[in-house]
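Welcome! Have the model open beside you while reading; this short report walks through a cavity and a sheet.

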Amino acid sequence: MKAKKKILSVILYASIILLSACSSGENGGPVNEANVPASTTTTQALDNEIDYGSMADIGEVDEANEDGVGPAYVKGQLAGEVRALCYYDIADQEKETAQLFAERFGGTLTTEKASWSEWWDKLGTYIATGNSPDLVRYDWIAFPCYASKNTYTPLDDWLDMDADLWSDIKSVIQSFDYAGKHFYFPSDVMPGFTIIYNRASVLEAGLKDPLELYRENNWNWNTFKELAAQWVDKDPENNEGLRGNKWMGLMFTNTTGVKMLDVTGTDIVNNLRNENVERAMSFLSDMRKQGLIGDGYVDPGSAFADGSLLFLAMESEWTFESAQQGLFNNGLEGEIVTIPMPKDPNSDKYYIAADTFGYMVPAGASNVQGGVDWILANRIYESDPETKAADLAYKTSTDPAYYDLCPGCRYDFTANDNSLTVCPECDTARKEKFKAVYSKEQYDLIDEMIHSDKFELVFDNAMGIDSGITDIMTATDEALIDGVTFHDASYTSVLNSKYEAIEAFIQPYRDALTKAAQ
C-alpha cells in the first residue's frame with residue numbers, strides 16, 4: 001500500500017547524501033541514481049502488469065472528482081495521456097494512484113526515466129526547446145532554486161487551496177509561496193526526520209524506554225543525551241549513542257522552531273547566527289566531544305545488526321522500515337521503534353522537521369490539466385477515508401505479503417486463488433515479499449506527529465537554495481553541520497569563516513525573488 005511513500009523515503013535519503021543542484025545559471029542533478037534501490041526503478045517480475053489504458057476508457061470526468069479545482073480547469077474533460085519525467089516509472093510504483101487516475105480522470109501516465117545525473121539538464125533542455133513534460137516530481141531543490149528559474153507552472157488558477165480537498169494542507173501549500181505564486185500542491189505531509197531505535201536492546205540494557213519518556217512528556221534533549229551516555233558507558237569501546245546522516249544539525253535546530261534558512265515569500269532569511277541555531281549546534285558538538293556520536297552515516301539496514309548502536313537520526317519511514325528489514329534479513333530479534341526528535345527543553349511544544357510528497361507541472365507543459373489531474377488523483381488517494389483505513393489495516397497486519405505470480409511457472413495466484421502459498425501447478429512455494437509491520441501504537445504516533453496540536457511542522461529551506469551552500473554545510477570534515485556533528489570542527493569558527501560565502505550564494509535568489517514580486 002502507498003508505494004509512493006517508499007519512493008519518497010529513498011529519494012529523501014539520497015538527496016541528503018548527495019544533494020548537488022541549483023547554482024545561479026546552472027542545472028545539476030540532485031543525487032546519484034546508484035543510491036536508489038532497483039526495486040524503485042524496475043517492475044517486479046513476479047507482479048502482474050496493469051492495463052491502465054482500458055481503465056481510462058470513460059466518457060467524461062464526474063464532477064465528484066473535481067473538488068479543489070480553480071477557474072482555469074475545464075470540468076468534465078478527460079486527462080488523456082500525461083508525459084512525465086522522473087527518476088522512476090511513476091505509474092509502476094504508484095499503482096493505486098495510477099488506477100484511480102485512469103478510472104476517475106480518464107488519464108494514462110507515461111514516464112520517461114532519466115538518471116539522477118541527467119534529470120535536471122534534460123528538464124531544462126525540454127523547457128527551453130518547447131518540449132516540456134506535463135509532470136515532474138517535487139524535490140527539495142525545486143523551492144526556491146528552480147522556482148526562481150521559471151521552471152514550473154503556477155497552479156493558483158488551476159487548483160483552489162480553499163476547497164475541502166486541500167483544507168487540512170492549506171498552510172503547507174502556503175509555506176511554498178514564491179512571490180505570491182504557488183507551484184506546488186503536495187499530496188501528503190510526513191515527519192521529515194525521527195529517532196529510530198531497537199526497543200529490545202534498550203530494555204535489555206536496563207534503560208528507560210524513550211517512547212515511555214515521550215508519553216510522560218519527558219522526551220527532550222537532556223533525557224536523550226542521558227540515555228546516550230548511559231548506553232556508551234556500558235561498553236565505551238564498542239557502543240555508540242547516536243549515528244545519522246548529513247543534515248543532523250538541521251534536525252536538531254528545527255526542534256527549536258527555527259529554520260536555518262527561511263524563504264518567506266518575499267525574502268530569504270539567514271538564521272545561521274540565530275541563538276537557537278547556535279545552541280542546537282553546541283548541543284551536538286558537546287555530544288560529539290563526549291564520545292556520544294559516531295562517525296556519520298550508517299546504513300539503517302545494518303545499523304542495529306550488531307547491537308552496538310542506540311539511536312539513529314534519519315528520515316522516518318524509510319529508516320524505520322529498512323532497520324526492520326535488517327533485523328528480518330539477519331534473523332535477529334527486536335522491535336524497531338520510531339519516535340519524534342527530542343524536544344528542545346526551552347520550547348513549549350514539539351517542533352519537527354517535516355517533508356512532503358507530490359508533483360509539479362513544468363513550465364510550457366502541453367497538457368497542464370492532465371498534470372493537474374494527476375496531482376488531484378494523488379491528493380484524493382491520500383485523503384480518502386477508505387484508503388486510510390486500508391493503509392492502517394495493511395501496515396498493522398502481521399500476515400505475510402506475496403508476489404502475484406509463481407516464481408516457477410508464473411501461475412497467477414491473484415486471478416485464481418490468492419490464499420494459496422504453494423503453486424498448484426508446479427508445487428513451487430510462493431515468493432514472499434518483505435513487509436514492514438507497524439504496531440497500532442506506532443502508526444498512531446506517526447499520525448500524531450502530523451495532525452496533533454502537540455506538534456508544529458517546520459519546513460526548512462536550507463537544502464533548497466544552492467549547491468554551494470550544501471557544500472559548505474555538509475561536504476567536508478570542516479563543514480558547518482557535518483564538521484561539528486561528526487568531527488571536531490567549531491560551529492562558530494566555521495560559520496565566521498563561511499558566513500559571507502553563504503550570503504553570496506543566497507543573494508542572487510533574494511534578487512530573483514524581489515524581481516518576481518514586482
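Helix 10 (248-254) is one contributor to the lining of the largest cavity, and strand 11 is another, each supplying at least two residues. Strand 11 gives the most, with four residues. Please keep in mind that this is a predicted model.

How much space lies in the largest cavity? The volume comes to about 170 Å³. In the structure there are six cavities of 30 Å³ or more. The lining of the largest cavity is made of 18 residues, and those closest to its centre are Trp140, Ala354, Asp355, Phe459 and Asp460.

| Class of lining residue | Number of residues |
|---|---|
| Nonpolar | 11 residues |
| Polar | five residues |

Three strands form an open sheet in the order 4-11-15, and their pairing is mixed. Strand 4 (188-191) and strand 15 (455-458) each have a single partner strand, so they stand at the edges with one side left without a neighbour in the sheet. On average, neighbouring strands of this sheet are turned by 45 degrees against each other, direction ignored.

Which way do strand 4 and strand 11 run relative to each other, parallel or antiparallel? Strand 4 and strand 11 (residues 350-357) are antiparallel, and four bridges join them. For valine 189, the bridge partner in strand 11 is threonine 356.

Conventions: Residues numbered from 1 in each chain as written. Predicted model: local features only at pLDDT ≥ 70, side-chain atom pairs only at ≥ 80, totals over all residues. Heavy atoms only, no water. Pairing = 2+ DSSP bridges. Axes fitted to C-alpha atoms, helices over the stretch in contact; angles between N-to-C directions. 1 Å grid on protein atoms, 1.4 Å probe; cavity = no way out; pocket = protein on both sides within 12 Å on 5 of 7 lines; lining within 4 Å. Points joined across faces, edges and corners; volume = space filled by probe spheres on them. Nonpolar A, V, L, I, M, F, W, Y, C, P; charged D, E, K, R; others polar.
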